[in-house]
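Reader: Could you take me on a close look at the surroundings of the ligand in this model, and then at how the helices pack? I would enjoy one connected account.

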Amino acid sequence: MMPTSDEEFFNSLLKKPTVFKNISCLSVTYIPPHLPHREEELRTLAKYFKTIFEEKDEPLRKISITGPTGSGKTTLAKRFGQLLENIAKQKNFRLVYINCRIYKSPYLIISTLARQLNKAIPPRGYSFEELQDLLIRLLDFYSQKILLILDEVDYLISRAGTDFLYTLLRISEMTTKQWISYIFIARNLNFVHSLDASTQSSFQTSHISLDRYFEADLRDIIKSRSELAFYDGVITEDATELIADIASKSGDARYAIELLWGAGQCADDENSPIVYPDHIRKAKALIHPEIRREVILTLTLHQKLVLLAAIRKLKHTKNAYISTNDAISSYKLLCEEYNENPRKHTQIWTYLKELSKQDIISTKISGEGMRGKTTLISIPDISVEAIEDFLVKTIENQKKTIEHR
Ligand SMILES: Nc1ncnc2c1ncn2[C@@H]1O[C@H](COP(=O)(O)OP(=O)(O)OP(=O)(O)O)[C@@H](O)[C@H]1O
Ligand SMILES: [Mg+2]
């Protein structure tokens, strides 16, 4: 019988049988207790940082972790941080995780560090130099060991340059003891190329490079995550095999886990107690490995509008590239549609540069065959439709929250 009221519908949803024992074990923020195929790297980290809790004066400890998307960089570092926190319960230790895509400036990062030590520090109001001095004094005052994980540091360096790295490392030189140890995470080591020779070599010597996952690795990862998230027998060998096969094209564990989650949702929608290959194929049609939704969510409203404008134009013209002027005129139309004041040309240019730095769009200068030189825009390797739907939804949500304020 069809439920008669919203309340009954909601109740029936809550009572509906599900294949998930604990769906939160598949969320993006969940850190699994066991990381198949990253055990060795976890040990390397432990050996490298074992001196953190020793009393004697130690040299600065810093290590970089690199690897392609979905190779487990963030998860490996966070899992190591958790292990240290567990060991260090009695000790004066603090783990600080900062994602540079969200904390986009050196100032924000230093102030976040200072506020971790003392909540009363206001987030703004100091000059950068004052803030550095304050942090040095706080570190010595609280005498607390800190492991700072700076994730996506390559992104910050492409925005703010390498000076910031020197500033951070200098802070450590100016305290009475090495209070801070560092894990730097980036896609690759290109970010060290513009550093001076000795800093460069120190980054190269303490470095963990993660490979993309192969099919067999992904199979083990899917199995271990399925055991946490699903009831016994829901995910068959066949299903594990198929997901590993699909995700092995990119070697991206994030995609494998999204497929697992999506396939489980499809099984629930169809009241099936088992995840069948067909559920995985349906999930595959809805999930695209190249779109990092977290990244799109960090864009401002007008950056999203510029991106959506470029996508619409690319779709409309069916060309691989569009000119910047085309993108700008499409953006202006979109602003009308969403009742927004279009930004000035220089600002739109800045947005395009930002999107390109974040690898969301790619740009190149036109070659032969076009009059004059112009910048051309394309969107690499993605299904434009999928990103368009997601963008439209987030823009609409953002507008709603702005209007309700
Ligand atoms: N060895 C593993 N075992 C279990 N889950 C894993 C493993 N490696 C990665 N994952 C899962 O895969 C997803 C992606 O991993 P993670 O976010 O660490 O990748 P990343 O290398 O930081 O990617 P990006 O460069 O895009 O930030 C996460 O949900 C993580 O839990
Ligand atoms: Mg990451």
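Author: Let us start with the ligand: the shell around ligand 1 takes at least three residues from domain 1 (16-26 + 213-286) and at least three from domain 2 (57-209), the domain bounds coming from an automatic or database domain assignment. This is a predicted model, in which local features need pLDDT of at least 70 and side-chain atom pairs count only at pLDDT 80 or more, while totals for chains, interfaces and linings use all residues. Residues are numbered from 1 along each chain as its sequence is written, and chains are lettered from A and ligands numbered from 1 in the order in which they are written.

Of the 21 residues around ligand 1, the nearest are T69, G72, T74, T75 and A253; a residue is near a molecule if its C-beta atom, placed from the backbone, lies within 6 Å of it. By class, the shell has 7 nonpolar, 9 polar and 5 charged residues. Here Ala, Val, Leu, Ile, Met, Phe, Trp, Tyr, Cys and Pro count as nonpolar, Asp, Glu, Lys and Arg as charged, and the others, Gly among them, as polar. Helices α3 (73-87), α9 (215-229) and α11 (253-269) each give the shell at least two residues; helices are DSSP runs (H or I, at least four residues), numbered from the N terminus.

One of these helices, α9, also packs on α10 (residues 237-248), at an angle of about 130° and with the axes 8 Å apart. Axes are lines fitted to C-alpha atoms, for helices over the stretch in contact, and angles run from 0 to 180 degrees between N-to-C directions. The two helices, α9 and α10, are therefore oblique to each other: angles under 35 degrees count as roughly parallel, over 145 as roughly antiparallel, 65 to 115 as roughly perpendicular and the rest as oblique. From α9, E215, L218, R219, I222 and K223 meet T240, E241, I243, A244, D245, A247 and S248 of α10, contact meaning C-beta atoms, placed from the backbone, within 7 Å. That contact of α9 with α10 comprises 5 nonpolar, 2 polar and 5 charged residues.

A second pair is α5 (residues 128-142) and α7 (residues 163-174), packed at about 40° with axes 9 Å apart. This angle makes α5 oblique to α7. Q132, L135 and I136 of α5 meet T167, I171 and M174 of α7, a contact with 4 nonpolar, 2 polar and no charged residues.

Finally, the axes of α14 (residues 301-317) and α16 (residues 345-357) cross at roughly 80° and come within 10 Å. That makes α14 roughly perpendicular to α16. Here H302, Q303, V306 and L307 of α14 meet I348, Y351, L352, E354 and L355 of α16.

Notes: Contact = placed C-beta atoms within 7 Å.
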